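Look at the chain as a whole before turning to single residues.

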Amino acid sequence: MKKIGLLFLTLILLSGCSSDNHRPAPVTEPTQKANSTTQTNTITVKPKQTSIKQALLNHYQEWKGVTYKYGGLSKNGIDCSGFVYLTYKKLFGIKLPRSTKLLSSIGKRINQTQLKPGDLVLYKTSRTVRHAGIYIGDNKFLHASKSKGVMISDMNLDYWNDRFWQARRIL
């Protein structure tokens, strides 16, 4: 029983968003809810950008300050890719990969000047560590910070500006 518990704990710690050296959780294709007026395998009609921003801000109010926990996936603690994963699943019905490395290869890569609310923003915080967040507009993004938990940060701050890696459009 002790070995099973240790194995379970190891698997939890190996999921998450901080390093490219871990084995990510299995990837499934992003799923999207069907519009009730269309066939089943179609993409949901995209909401207006202002409603995406408002939905993200409302979601933030539910998660604001939740502590960072590597591999976490609940309000008891969450990491950056877990926050992105749960946000997309809840707000948009889209199941994204659970690691930042895999998030960097989905959707369409876009220029930072093209960002719209709901786009993913990805950072290289060190040689092997990556960080993910969700753009909300006005050069701000939602993310799970190691120091302050779930929060909104300004992309114009030197720290984030110097570490910007790429942006991805999923919606």
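What follows goes from the overall fold to two residues that touch each other.

The structure is a predicted model. Its protein chain contains five helices and eight strands. Read from the N terminus, the elements follow the order α-α-β-β-α-α-β-β-β-β-β-α-β. The protein chain has 171 residues, and 41% of them are buried. Its accessible surface is about 9900 Å², with 54% of that belonging to carbon and sulfur atoms. Of the contacts between residues at least 6 apart in sequence, 58% join residues at least 24 apart.

Is Ala 132 buried or exposed? Its relative accessibility is 1%, and buried means under 20%, so Ala 132 counts as buried. Beyond its neighbours within four places in sequence, Ala 132 is in contact with several residues, including Cys 80, Val 84, Thr 100 and Val 121. Leu 103 is another residue in contact with Ala 132; the two are 29 residues apart along the chain, and their C-alpha atoms are separated by 8.2 Å.

Ala 132 is also in contact with His 143, a residue of strand E6, residues 140–145. His 143 counts as buried because its relative accessibility is 1%. With neighbours within four places left aside, the residues in contact with His 143 include Phe 83, Gly 133, Met 151 and Trp 160. His 131 is also among them. Which kind of contact does the side chain of His 143 make with the side chain of His 131? The two side chains make a polar contact at 2.9 Å.

Conventions. Residues are numbered from 1 along each chain as its sequence is written. This is a predicted model: local features need pLDDT of at least 70, side-chain atom pairs count only at pLDDT 80 or more; totals for chains, interfaces and linings use all residues. Side-chain values use heavy atoms; hydrogens and water are left out. Buried means under 20% relative accessible area, exposed over 50%, partly exposed in between (1.4 Å probe, protein chains only). Contact means heavy atoms within 4.5 Å. Helices (H or I, at least four residues) and strands (E, at least two) are DSSP runs, numbered from the N terminus. A polar contact is a pair of N or O atoms within 3.5 Å; within protein, one must be able to donate a hydrogen and the other to accept it, and residues adjacent in sequence count only if both atoms are side-chain atoms. Accessible areas come from the Shrake-Rupley method with a 1.4 Å probe; for residues, only the protein chains shown count as cover.
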